[in-house]
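Here are a few quick notes from a look at the pockets and the ligand site. Have the structure open while you read.

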Amino acid sequence: YDTEEHTLRELRIFLRDMCKKLANNRLFFMFTKPVDTEEVPDYTTIIKKPMDLETMMMKVDFHKYECARDFLNDIELICQNALEYNPARTSADKQIRHRACSLRDYAYTLIKTEMDSDFEDKCQEIAKKR
Ligand SMILES: Cc1noc(C)c1-c1cc(NS(=O)(=O)c2ccccc2)cc(C(=O)O)c1
């Protein structure tokens, strides 16, 4: 089978496992689904590019990620959105900002420790050619 397709399939398997690990951590519960505009009516007036772990899992299945860096860019988006929408000194805002930073650090560390850097380089080479 075409080795590029084989590489991208392996990437998708890895990224699905990443999504599962992040979504299964209770700390990150509020990042598992899109922010509900019924619950948070002004959310989309402030946050222009919403992102969440369920949407990321769908993006994996729709072949939207060609390398781990693209995946981490969406994790960064989840984190930045949470910092932007929850800037107050209240304990609720502080808690969600802390959890957003934990999500970002945990995702980077998981990828750094569990993904072969040569494999990521190969994915980025394929992405460049497409
Ligand atoms: C995320 C986010 N960004 O800004 C805010 C504010 C949140 C956020 C949104 C919600 N309520 S929600 O209905 O949109 C939802 C429930 C379950 C999973 C995903 C979203 C709850 C919480 C919370 O801390 O419990 C936080």
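**Pockets and ligand**

1. Helix H4 (residues 68–85) gives the most to the lining of the largest pocket, namely four residues. Bear in mind that this is a predicted model.

2. That largest pocket comes out at about 400 Å³. Its lining counts 19 residues, and the closest to the centre are Met30, Lys33, Val35, Asp36 and Ile96. By class, the lining splits into 12 nonpolar, three polar and four charged residues.

3. Where does the ligand sit? The space it takes is the largest pocket. Around the ligand you'll find Phe29, Met30, Lys33, Pro34, Val35, Asp36, Glu39, Tyr43, Tyr85, Asn86 and Ile96. This shell has seven nonpolar, one polar and three charged residues.

4. A ligand oxygen lies 2.8 Å from a polar backbone atom of Asp36, and a ligand oxygen is 3.2 Å from an N or O atom in the side chain of Asn86. On its own the ligand exposes 550 Å², and the protein buries 74% of that.

5. The second largest pocket has a volume of about 160 Å³. Lining it are Leu72, Tyr108, Ile111, Lys112, Met115, Asp116, Ser117, Glu120 and Asp121. Helix H5 (91–114) and helix H6 (117–129) each supply at least two of the lining residues. By class, you get four nonpolar, one polar and four charged residues there.

Conventions: Residues are numbered from 1 along each chain as its sequence is written. This is a predicted model: local features need pLDDT of at least 70, side-chain atom pairs count only at pLDDT 80 or more; totals for chains, interfaces and linings use all residues. Side-chain values use heavy atoms; hydrogens and water are left out. On a 1 Å grid over the protein atoms alone, a cavity is a set of points where a 1.4 Å probe fits but cannot get out, and a pocket is an open set with protein on both sides within 12 Å along at least five of seven lines; lining residues have an atom within 4 Å of a point. Grid points are joined across faces, edges and corners, and a volume is the space filled by probe spheres set on the points. Ala, Val, Leu, Ile, Met, Phe, Trp, Tyr, Cys and Pro count as nonpolar, Asp, Glu, Lys and Arg as charged, and the others, Gly among them, as polar. A residue is near a molecule or strand if one of its heavy atoms lies within 4 Å of it. A polar contact is a pair of N or O atoms within 3.5 Å; within protein, one must be able to donate a hydrogen and the other to accept it, and residues adjacent in sequence count only if both atoms are side-chain atoms. Accessible areas come from the Shrake-Rupley method with a 1.4 Å probe; for residues, only the protein chains shown count as cover. A molecule sits in a cavity or pocket if more than half of its atoms lie within 2 Å of its grid points.
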